Amino acid sequence: MTTPFALDAEQRAWCAELRGLAAERLRPLAERGEPGRVNRPLVEALGELGLLARLFPADAPVRAMELCLLRESLARECTEAETALALQGLGAYPVAQSGTPAQRSRWLPEVVAGRAVAAFALSEPEAGSDAAALRLRAEPDGDGWRLSGGKTWISNAPEADLCTVFARTGEAPGARGVTAFLVPGDRAGLSGDHLDMLSPHPIGSLTFDAVPVGPADVLGEVGGGFRVAMRTLDLFRPSVGAFAVGMARSALAAAVAHAGRRRAFGGPLKDLQAVSHQLAEMATRTEAAALLVYAAASAYDAGEPGIAGRAAMAKLLATETAQYVVDAAVQIHGARALQRGHLLEHLYREVRAPRVYEGATEVQRTIIAKELYR
Ligand code: COS
């Protein structure tokens, strides 16, 4: 039986299989990709290996626990593969969640095959944490609208084949006037640029120059877009935590191996209590983060109440924990971990962004506090 407290034998075997696939099949493809650009062979491999199909099963809802185990396991061996999978999920989940049968049948099989690359376009230059302040205009035009304005820090932009775009359709203030649209990447008037980040990542900005959208492009209801975004984030936030747990486990394993091998002051580093206690703390906090992630994901799948708060707690604790664990692993390794190309040098750059994206740590605290007073 699956409990939030322990993975069952089948889950553990699947995680081991995923780590093997990540190390042997996906890592070589990731290494051949161009940093900062969508790696299409990698996304296609996620399709061919059936991993995207596990994310979007044909006749069943998306399972948070499945998503978390995928992300944690891939992250252990190949963060690029993890991220490519996660972005397909984030960009296309609003279609799975709120799309019409026509939208779903047009796009989901392509996403699952790894042939269509998806993006989730919520953030704007003037609206990040305060997502309801978004300004992208959807101005009425015939029976549809024209989108004008910009989005930024959009993963997979500007190369994505389909974008879930949140725009302001009405005069209603804040969250009320927002509508979600499914915009194909080749729609006239849509362009964009790449952004260069601390850790190379396919990410960019989108510019909308009177991009036409019609009723058939609406995801969910007109004026209901903010809920589409928030419900998507409720599913994905625990899984950002799972990504962080995967990185923490990888850093911890490297630190344990190094401290067992490296000699200083007449013995292995692990015999220094300063080091062994640090490893013990890293292991304990990683385990706590993993348990909170599994608990939030299990609660999501069981349809329990208070999901937004539990998702926020899981993301908050796991991403902050991973930052600590990776930093501590660097300290145990010393200068070698700072050398370009070292696993920990990579993780040190990679671990920073999850504390910011899909709601910064401070936003998660706001969500948790709001639920305390609900
Ligand atoms: N599920 C369903 N509906 C939700 C929801 C959820 N999890 N969270 C909020 N809503 C609804 C509310 O019920 C409310 O609807 P009504 O007006 O009908 O009552 C509406 O959305 C607005 O909610 P709220 O007032 O809580 O919104 P705020 O403007 O205060 O913003 C936060 C809430 C801060 C949580 C939101 O702006 C946020 O998540 N910010 C971070 C954005 C982010 O993660 N960006 C990353 C993009 S992807 S990298």
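Predicted model: local features only at pLDDT ≥ 70, side-chain atom pairs only at ≥ 80, totals over all residues.
1. Start with the overall layout. Three domains make up the division of the chain: domain 1 covers 9-117, domain 2 covers 119-222 and domain 3 covers 227-372.

2. Next, look at how domain 1 and domain 3 sit relative to each other. Their centres, taken over C-alpha atoms, are 21 Å apart. On the domain 1 side, 22 residues make contact, and they meet 25 residues of domain 3.

3. How much area is buried between domain 1 and domain 3? The figure is about 2100 Å², and carbon and sulfur atoms account for 65% of that area. If this way of describing a contact is new to you, the accessible area lost when parts come together is often used to give the size of an interface.

4. Now for the polar side of this interface. Between domain 1 and domain 3 there are eight residue pairs in polar contact, counting pairs with both residues at pLDDT 80 or more. The count of salt bridges between the two domains is one. Which side chains form a salt bridge here? They are R249 and E72, with 2.7 Å from N to O.

5. The biggest contribution is from α5, which gives eleven residues.

6. In R237, a side-chain N or O atom is 2.9 Å from an oxygen atom of the ligand. In K370, a side-chain N or O atom is 2.7 Å from a ligand oxygen. For G359 the atom is a backbone N or O, and it lies 2.9 Å from an oxygen atom of the ligand.

7. Finally, two backbone details. As background, most peptide bonds are trans, and most residues other than glycine have a negative phi. Is the peptide bond from A157 to P158 cis or trans? This bond is cis, with omega near 0 degrees, and P158 is in the loop between β3 (144-155) and β4 (162-168). W153, which is not a glycine, has a positive phi of about 55 degrees. You will find W153 in strand β3.

Key. Residues numbered from 1 in each chain as written. Heavy atoms only, no water. Domains from an automatic or database assignment. Contact = heavy atoms within 4.5 Å. Buried area = accessible area lost by both parts, 1.4 Å probe. Salt bridge = Lys/Arg side-chain N within 4 Å of Asp/Glu carboxyl O. Polar contact = N/O pair within 3.5 Å; in protein donor to acceptor, adjacent residues only side chain to side chain. Helix = DSSP H or I, 4+ residues; strand = E, 2+ residues; numbered from the N terminus.
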